[in-house]
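Open your viewer and load the model. This tour tells you what to select at each stop.

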Amino acid sequence: MKRVYVNEEWCLGCHLCEYYCAFAGSGEKDMARALREIKISPRIRVEEHNGISFAVNCRHCREPLCVKSCITGALTITDNAVISIDGERCVECCTCILSCPFGAISRTPNGGGAIQKCELCVKTESGIPACVQGCPNGAIVFEDAVGRTVV
Amino acid sequence: MRYVIIGNSAAGVGAVEGIRKVTQSGEITVISNEPHHTYSRPLISYLLQGKADESKMKYRSDSFCEDNNCTLLFNTVTKIDVGTKQFTLQSGENLPYDKLLVATGSSPFVPPIKGLDSVEDRFTFMSLDDAKLLDSKLAPTKKVLIIGAGLIGLKCAEGILARVGGITVIDLAPRILSSILDDGGAEMVQKHLESKGIEFKLSSSVEQFEVNTAVLNGGEKIDFDILVLAVGVRPNVTLLKDIAEIDKGIIVNAKSETSCPDIYAAGDCTQSIDVSDGQSKVMALLPNSYMQGEAAGINMAGGEELKTVAAIPMNAIGFFGMKVITAGNYIGEVYSQESENAYKRLFFSDNRLNGYIIIGEVEKAGIYTALIRDGTPLDSIDFRLICENPGLMAFTKDVRKLKLGGFEHDFIS
């Protein structure tokens, strides 16, 4: 099972992952056009402090507290072990935000009335998550979970 | 193996999914006294508000029973016989069980107020049927009186405000949402609700009803057309009376076991240890219900990884766009942060975070919840940083590596 992993030692704090994420979710073909004059609302967010930076997105936990806590059933674990959000069934109660130990779930922008989270780009055309493709320094990788810590 | 689950809400569904995580064999029978597909109880206010319909309220897909190979009976269990390991249905039938889960939920408490019987249109607000009954009486000319400024009463108020001619909420407590907010937080939410047109009478109670008039303890009279009683709920425990240990709720341990062998309990009908203060209490909240149910299911099926639940009180609730998230207990020293649209209080003592209240800017609140649930020693993180801004940055580099998926040897060495 491939997952997105982050190595903070390689992170430049350039925030490109956030822009690529926002672009991937936009459905547009041209990045500059898609992101022009908008405040992006990416599903991956860079934390920065005192010269340290790293990107955080959904860990796709094996025992996901967000899915177990979801009051409507809008959050589910799909067959490929990706934690998926059905925006139609979500009422933005924010119980998942209350539950996620990584702070990886956010509200949709402009009062969209639902939550958003990383779905490993399974709902976009690309086979590889956009944040991974867009990271210029290999700080975000898409690799097999084997041998890694499991959350 | 015959698994029997009494209750078809979050805890019951959690148990079905827990059992099926362990084994595909064995008969699962779910018994529901509500004649509906499993639905999300908290969505009844969204139904009245028009933000959800009955189809969207379904907690699991239509094929849930088929997918999980379980049988759903619309019936009521009236008796459990531990000696013969049988239970009795209202229809008179006796059926056997090997492992039984009681997930019977809770019922609205109806206070004994003088003259209550004289009120024609009076409702509780707990079930889909309650909501449908209330729905049928709503009209733009009608004035609504809600007794109870807790989660249920206020979500009801939000759900119906646009459809009625005015709402007054009465509570005995001096502040709204008294079980989850402090004075400052309650004031902020109350002002927001008042700005939308809801009126409050706090530190007040109804002495008596005279048909469509409520007489308050101070003598004031309030006329209304519709009465909603939302003063609280009581765990449904009677099935296990004289069978298992019961206090306010059915006592369960972290494996969702009752004191009676082969009988488990989960959800709003139970009482368990709050890991944030070590006290045994009823924590009637959907996430806890699901996780207790799931743990029960895994344990009923003899799952290898014996599941336990670390329950704490926690709530995420919103009113007209204002989000409120709270968790744990409000004891110890206080960290405060406040602006016009945001309110934060963190409560800590003995090197642990005990609880928090966040209104407005709720993102990443789960990082605080995890500190409480895990009992993270505050001297192992940058507590000042995390107070200001919840994030993984406050953890040590090694812990961050673990959390963001470093190799195991990176962490252990």
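The stops below go from confidence to the interface and then to one helix.

This is a predicted model: local features need pLDDT of at least 70, side-chain atom pairs count only at pLDDT 80 or more, and totals for chains, interfaces and linings use all residues. Residues are numbered from 1 along each chain as its sequence is written, and chains are lettered from A and ligands numbered from 1 in the order in which they are written.

**Confidence.** The mean for chain A is 91, and 95% of its residues reach 70 or more. Select helix α2(A), residues 31-35: confidence in chain A is lowest there, at a mean of 87. In α4(A) confidence is highest, at 98. Helices here are DSSP runs (H or I, at least four residues), strands likewise (E, at least two), numbered from the N terminus.

**Interface.** Show both chains. Here 32 residues of chain A are in contact with 42 residues of chain B (contact: C-beta atoms, placed from the backbone, within 7 Å). Which element gives the largest share of chain A's side? It is α4(A), with four residues.

**Helix α6(B).** Select residues 183-195 of chain B. This helix has 13 residues and reaches 18 Å from its first C-alpha to its last. Its buried residues (20 or more other C-beta atoms within 10 Å of their own, placed from the backbone) are B:Gly185, B:Ala186, B:Met188, B:Val189, B:Gln190 and B:Leu193.

Conventions: Two residues are in contact if their C-beta atoms, placed from the backbone, lie within 7 Å. The expected span of a helix is 1.5 Å times one less than its number of residues. A residue is buried if 20 or more other C-beta atoms lie within 10 Å of its own, exposed if 12 or fewer, and partly exposed in between; C-beta atoms are placed from the backbone. pLDDT is the predictor's confidence in each residue, from 0 to 100.
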